[in-house]
Amino acid sequence: MNKKVVVCLLLLFVITVGSGCVSEPITSDENANNSMDLEEIEGLWLGILQVQGGMELRLLFNVSISPDGSVNATMDSLDQGVKGIPVEAVTYKDGNLHLGVKSIRGAFDGTLKEDGKTIEGEWKQSELTLPLVLSRINETPDTRKEQDPVKPYPYDEEEVTYENEEAGVKLAGTLTLPHSEGPFPAVILISGSGQQNRDEEILGHRPFLVLSDYLTRRGTAVLRVDDRGVGGSTGNFSQATTEDFAGDVLAGIEYLKSREELDPTRIGLIGHSEGGLIAPIVAVQSHDIAFIVMMAGPGIPGEEILYLQSDLISRAEGVDNETISRNEALMRSMYSVIKKEQNNTIAEEKLRKLLADELANMSEEEKQSSGYSEADLDAQVNAQVQALVSPWMRFFLTYDPSPTLMQVKCPVLAINGEKDLQVPPDENLQAIEKALKAGGNSDYTVKELPGLNHLFQTAETGSPSEYAKINETISPSALELIGNWISEHTADMENKQ
């Protein structure tokens, strides 16, 4: 298997699932008895975790002692935008500190140095052990990126909710409205795969916040929404498919049509990554869509994208050819099971056997570097198997965007970064253009943007390990291209009315 990538993704996933937790006071006798000692490590402690694959994650621990002697402690993963993960166990004796984060199967053990400002130790998670040095700091680091807008905004911002009645889901989001005289054109932002909040927050970046700010300043109203089961939105994300998310977008269109400040004939969609898969589906189902923008949207079936993605990211991270070939062979075997076996119970058994056989062929060193542990092996394998047989994966693997794209008649802007390793530009942009042309669409623009990655940041290699290191959230060239294209098309629509 791809060791470097697997370790990185495992750690990211496990940390992220702690999002939204609330810390509870630690009141065990053990902690009450050493509360005086704990005063030595009360405060904020910041460390940088060097994850395999070249990614750096900043972990912030906040330890405080209540008047009754109980201890409150939380962990933030600053570069992932995850805050308030409970630290359920805190012990400190003779300069040795233990911080246990049970919800993510993680723990830090270290020793306070004589200066009282540094704790040297190790972070352990799912039997993966990495060095981690914590330094005492006086205030929480500013995680704001350079392009993040600063209030007060020169436009109105409103928290909104509406229903996808057919699915029984309440959706919550933010609507931004220009101060100038309406009715305004409007767009709905559609996030990529995985559970995303309304800002599409990833590794400290908030692309949809930056994009909505830019477009609203230019006169276009923007609706950005929490995915199902995230933030203020309800619903079961794990059982939803791309088609279900399209239904949520259709509900958003109906909501925008109800707003008198907005022009119902100039409502468009901007979809990033999987959002670029969803936008054409919605455009075919609704005649109310005036235009769509596909940002790194797929043009080929999901299975083909996953093979390309794995190969390109692995090579960017320096993985050897033999490992890449083994990884692809395993992927093909697993995807074959998913496509051929519709019974989940049988599919799960076959997938577990494939993974067990792969693990049996790995050395102990390879297992350790991959993040697998004997103690948690069943849980780790089960998590992978459940993800593989999920409704979302079953749909994504076999869905071909081309037939839908052939039916899209509204104007389309399809853009990709030249260095996008997740949705490679050559294969996908060619397929998108071919489908739009074959369907007779007379107004489309397909463009590859030099030097940009999957998030449309200016990048060196395009590897996901760079995302957090890059200060830029979205390249100004990408923002300008999208803004100009929307302004031109919405102006033309207004003039024709």
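This is a predicted model: local features need pLDDT of at least 70, side-chain atom pairs count only at pLDDT 80 or more; totals for chains, interfaces and linings use all residues.

Me: How many helices and strands does the protein have?
Reply: Helices (H or I, at least four residues) and strands (E, at least two) are DSSP runs, numbered from the N terminus. Here there are 15 helices and 17 strands.

Me: What percentage of the residues is buried?
Reply: Buried means under 20% relative accessible area, exposed over 50%, and partly exposed in between (1.4 Å probe, protein chains only). Of the 497 residues in the protein, 56% are buried.

Me: Which residues have the most contacts inside the largest nonpolar core?
Reply: A nonpolar core is a set of buried Ala, Val, Leu, Ile, Met, Phe, Trp, Tyr and Cys residues joined through side-chain atoms within 4.5 Å. The largest has 66 residues, and L256, L269 and I292 have the most contacts inside it. Helix α5 (residues 242-257) gives the most to this core, namely seven residues. Another core, of 35 residues, lies apart from it and includes F61, V90, L97 and L134.

Me: Which residues does L269 touch?
Reply: A contact requires heavy atoms within 4.5 Å. Not counting residues up to four places away in sequence, L269 touches I188, I190, V249, A279, V282, I289, F291, I292 and V293.

Me: How many aromatic pairs are found in the whole structure?
Reply: A pair of aromatic rings is described by the distance of the centres and the angle of the planes. Rings of Phe, Tyr and Trp (its six-membered ring) pair if their centres lie within 6.5 Å; planes under 30 degrees apart count as stacked, over 60 as edge-to-face and the rest as tilted. The search finds nine such pairs. One of them joins Y162 and Y255, whose ring centres are 5.2 Å apart with planes at 15 degrees, so this pair is stacked. Y162 lies in strand β10 (residues 155-164) and Y255 in helix α5, so the pair ties together parts 93 residues apart in sequence. Y162 counts as buried at 8% relative accessibility, and Y255 counts as buried at 15%.

Me: Why is the pair of F291 and W485 edge-to-face?
Reply: The ring centres of F291 and W485 are 6.0 Å apart and their planes stand at 70 degrees, so the pair is edge-to-face. F291 in strand β15 (residues 289-295) and W485 in helix α15 are 194 residues apart, and the pair links these distant parts of the chain. F291 is buried, at 0% relative accessible area; W485 is buried as well, at 5%.

Me: Where does S465 lie, and what does the side chain of S465 contact?
Reply: S465 lies in the loop between β17 (444-449) and α15 (476-496). With a relative accessible area of 9%, S465 is buried. A polar contact is a pair of N or O atoms within 3.5 Å; within protein, one must be able to donate a hydrogen and the other to accept it, and residues adjacent in sequence count only if both atoms are side-chain atoms. The side chain of S465 makes one with the side chain of E317 (2.7 Å).

Me: Is S310 buried or exposed?
Reply: S310, in helix α7 (residues 302-316), is buried, with a relative accessible area of 17%. Leaving aside neighbours within four places in sequence, S310 is in contact with N327 and M331.

Terms used:
Residues are numbered from 1 along each chain as its sequence is written. Side-chain values use heavy atoms; hydrogens and water are left out.
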